[in-house]
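Let's take a friendly walk through this structure, from its overall layout down to individual residues. Please have the viewer open as you read.

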Amino acid sequence: MQGTGDRLVIRNIGLMLSGMMEQPILDADCVIAEGGRIAKIGRADEVDTGESDVVVDARGVTLAPGLIDSHVHPVVGDYTPRQQQLHWIDSTLNGGVTTMISAGEVHMPGRPKDIVGLKAMAIAAQRWYENARPSGVKVLAGAPVIEHGMEEQDFKDLADAGVTLMGEVGLGSVKDGPTARKMVDWARKYGIQSTIHTGGPSIPGSGLIDKDVVLEAATDVVGHINGGHSALPDDQIVCICESCRTGLEIVHNGNERAALLTLNTARELKQLDRVILGTDGPAGSGVQPLGILRMIAMLSSLGNLAAESAVCLATGNTARMRDLDVGILEEGRAADFVLMDQAQHAPGKTILESIELGNLPGVGMTVIDGVVRTGRSRNTPPAQRLPGIVSV
Ligand SMILES: [Zn+2]
């Protein structure tokens, strides 16, 4: 970790990706952060680059907002009991992800299913990730899995205690549309965002959620519309895309053909701003440290989506859908960045063309709240060029 977050200058940026679908590339080569927030974006000769705690020479690489994983299942600290792995969040930071959103802490052994117990665990999980961020990664957690018997007062209690997310509908006992809808409405009334498990059962014990339940529940995000793992039939996926205006979340841990169907349907509807990316890790497929980068490369290459737009699916789209202050290069937002370059020996004339050919970029640095968190990634293929700290 380098710097206090007071004032950070990153100059000599070769390409700046904004995270915004409507203007994915910015005409700028320098970013200044103050107090952990973006203070200025511009050309080095136009902005004041003096008097800084840390100066980073990007050496011509690409800077994008830190990536957001819209769908993870954390439990406690940087450990997952699901696959018995330590440091999976740190590994994912090495894949450019600086913010993770919990879809429920469902892998906790002995997870309480009684109402007072599930509320207590959600509040505790929100606290322990707020109080101790693994490697600096923002893990937005404390997402209760709803069960039959919950009343409006329970959602008020959760919201009053600082809970802002609901776990995937369908992972608990509530799997029917009317009950889900009633509880989603209560959650929404108190400012709690909701998502739903879409598709066949993920592991023994979970259940099918089809298009009728998804549409009736009317959650804020259609969680893993491409299944986690088993996707709904194509006609049901298209129907969900056409019948609502909520977020369409595609995950690494799902069906890739269904992911492309969702992308193409959203594009035909001219609603690509609804598409957001997650991994659903750690799940049956395990921890996926490069899962978000892999989704970007897969959707860009097989889905014929410009690489700079594909990055928006994992940054600005998610930030807007979920009302986060990250994910977009804009003055006033959190100074969370990933610096990356074309991977060594990857085909393509530029980093963007290389991604469009299906290759992963190499991550050279991550920054969270204006503080340098990692240097050259230990997980991505090595980048051609690496940014460096030139003065501290
Ligand atoms: Zn799920």
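This is a predicted model: local features need pLDDT of at least 70, side-chain atom pairs count only at pLDDT 80 or more; totals for chains, interfaces and linings use all residues.

The report below goes from domains to helix packing and then to selected residues.

The domain assignment gives domain 1 as residues 7-65 + 329-391 and domain 2 as residues 67-289. Their C-alpha centres are 29 Å apart.

How many residues of each domain are in contact with the other? Domain 1 contributes 14 residues and domain 2 contributes 13. On the domain 1 side, strand E18 (337-341), strand E19 (362-368) and strand E20 (371-374) each supply at least two of the residues that touch domain 2. That side of domain 1 has six nonpolar, five polar and three charged residues.

## Valine 367 in strand E19

Strand E19 includes valine 367. Is valine 367 buried or exposed? Valine 367 counts as buried, because 30 C-beta neighbours lie inside 10 Å and the cut-off for a buried residue is 20 or more.

Beyond its neighbours within four places in sequence, valine 367 is in contact with Ala335, Asp336, Phe337, Val372 and Arg373.

## Helices H6 and H7

Now to a pair of helices. A general point to start: two packed helices are described by the angle between their axes and the distance between the axes. For H6 (residues 234-243) and H7 (residues 256-268), the axes come within 10 Å and cross at roughly 35 degrees. The crossing is right-handed. H6 brings Asp234, Ile237, Val238 and Cys241 to the contact, and H7 brings Ala258, Leu261, Thr262, Thr265 and Ala266. Sorted by class, the contact has six nonpolar, two polar and one charged residues.

Which residues of H6 are buried? They are Ile237, Ile240 and Cys241. These residues sit on the same side of H6 because they cover an arc of only 100 degrees around the axis. Their packing partners are helix H5 (211-217), strand E15 (221-223), strand E16 (247-251) and H7. On the face of H6 turned away from the buried side, you will find the exposed residues Asp235, Glu242 and Ser243.

## Two cis peptide bonds

Between glycine 228 and histidine 229, however, the peptide bond is cis, with omega about 10 degrees. Histidine 229 is in the loop between E15 and H6, and glycine 228 is placed in the loop between E15 and H6 as well. Another cis peptide bond joins glycine 281 and proline 282, where omega is about -15 degrees. Proline 282 belongs to the loop between strand E17 (275-278) and helix H8 (291-302).

What surrounds glycine 228? Not counting residues up to four places away in sequence, glycine 228 touches His197, Gly199, Ser202, Val251, Asn253, Gly254, Asp280 and Ala283. Glycine 228 counts as buried because it has 31 C-beta neighbours inside 10 Å. Its C-alpha atom is separated by 5.6 Å from that of serine 202, a residue 26 residues apart along the chain.

Asp280, listed among the contacts of glycine 228, has a backbone feature of its own. Aspartate 280 is not a glycine, yet its phi is positive, at about 75 degrees. It lies in the loop between E17 and H8, and it counts as buried because 30 C-beta neighbours fall inside 10 Å.

Histidine 87 also has a positive phi, near 60 degrees. Its place is the loop between strand E10 (85-86) and helix H1 (88-93). Histidine 87 is partly exposed, because 17 other C-beta atoms lie within 10 Å.

## Tyrosine 129 in helix H2

A last stop is tyrosine 129, in helix H2 (residues 115-131). With 23 C-beta neighbours inside 10 Å, tyrosine 129 counts as buried. Its contacts, leaving aside neighbours within four places in sequence, are Pro74, Val139 and Ala141. The C-alpha atoms of tyrosine 129 and aspartate 78 are separated by 9.7 Å, and these residues are 51 residues apart along the chain.

Technical notes: Residues are numbered from 1 along each chain as its sequence is written. Axes are lines fitted to C-alpha atoms, for helices over the stretch in contact, and angles run from 0 to 180 degrees between N-to-C directions. Helices (H or I, at least four residues) and strands (E, at least two) are DSSP runs, numbered from the N terminus. A crossing is left-handed if the near helix is turned anticlockwise from the far one by less than a right angle, and right-handed if clockwise. Two residues are in contact if their C-beta atoms, placed from the backbone, lie within 7 Å. Ala, Val, Leu, Ile, Met, Phe, Trp, Tyr, Cys and Pro count as nonpolar, Asp, Glu, Lys and Arg as charged, and the others, Gly among them, as polar. A residue is buried if 20 or more other C-beta atoms lie within 10 Å of its own, exposed if 12 or fewer, and partly exposed in between; C-beta atoms are placed from the backbone. The arc is that of the directions from the helix axis to the C-beta atoms. Domain bounds come from an automatic or database domain assignment.
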